[in-house]
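Try each one before you peek at the solution.

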Amino acid sequence: MNYEGKNAVAEAMDAQNPPEKILIDKRTTDTAFVNKIKTSGIMYQFVDRAALDRVSKTRNHQGFIAITSEFEYTDIDEIIKKSDEQNAIILVLDGVEDPHNLGNIIRTAECMGVAGIIIPKNRATGVTETTIRVSAGATTHMRVARVTNIGQAIEKLKENRFWIFAAEAGGSSITKSNLTGRTAIVMGGEGSGVRTLTKKLSDGIISIPMHGKLNSLNVASATAMVLYEVRRQIKG
């Protein structure tokens, strides 16, 4: 799996598991970034632009591609173990199918200090090259667990003192709900929302106050708003 573009490559270089090799456009004029690569200790190679184009999946590599191994998912137990004892945030995605949305969500989650993300193996996207590109390198810093059963994952979170809140229309306003403590936020898939069984397992339903003529948001945008409110409440 590759990281394409200067920002994504820079993030990959700072990750715990750095790239195996970085391909650099031999005609690049970005000497500062090239020098950073040279001093990083990571293997690098100058190649023709045409070679980068052949390797690129996005056609937006900006002259830099980091070659890495397949994305490594973590275990839900590891996410729980690394969570803060007092105020932890875990994100559960109940069927997000668009890798672009997943990439944006991962980027937001990393910025908001989320301990980890849980996604299902079936009827949902995994972490693809598109996801990595859209996340601008955030996948290198975010733990993602892929589970066979979201319901069982939620039960495990409950056993570890997490309160589960599903974000759906018709619930309590996020600004009037207590979202502090060990909190898991469940976001539904595009169009379908949070599944009925998942909502039944949740401790509460929360909603984003809407003031316009439309009554729904893209799942990535909605996730950003909910996570910001959770972080705001934690910070007080």
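Two exercises follow, each with a worked solution.

The model is predicted, so to speak of its local features we need pLDDT of at least 70, side-chain atom pairs count only at pLDDT 80 or more, and totals for chains, interfaces and linings use all residues. Residues are numbered from 1 along each chain as its sequence is written, and side-chain values use heavy atoms, with hydrogens and water left out.

**Exercise 1.** Work out which residues of helix 2 (residues 31-40) are buried, and what they pack against.

*Solution.* 
- Step 1: Pick out the buried residues (under 20% relative accessible area, with exposed over 50% and partly exposed in between; 1.4 Å probe, protein chains only). In helix 2 they are Phe 33, Val 34 and Ile 37.
- Step 2: Look down the axis of helix 2: the buried residues fall within an arc of 105° (taken from the directions from the axis to the C-beta atoms), so they line one face of the helix.
- Step 3: Using contact (heavy atoms within 4.5 Å), the buried residues pack against helix 1 (6-13), strand 2 (21-25), strand 3 (44-47) and strand 4 (64-67).

**Exercise 2.** Find the residue that caps the N-terminal end of helix 7, and the one with positive phi that follows the helix.

*Solution.* 
- Step 1: Asn 149 is the cap, with a side-chain oxygen 2.9 Å from the backbone nitrogen of Gly 151.
- Step 2: After helix 7 comes Arg 161, with its positive phi near 70°.

Definitions and conventions: Helices (H or I, at least four residues) and strands (E, at least two) are DSSP runs, numbered from the N terminus. A polar contact is a pair of N or O atoms within 3.5 Å; within protein, one must be able to donate a hydrogen and the other to accept it, and residues adjacent in sequence count only if both atoms are side-chain atoms.
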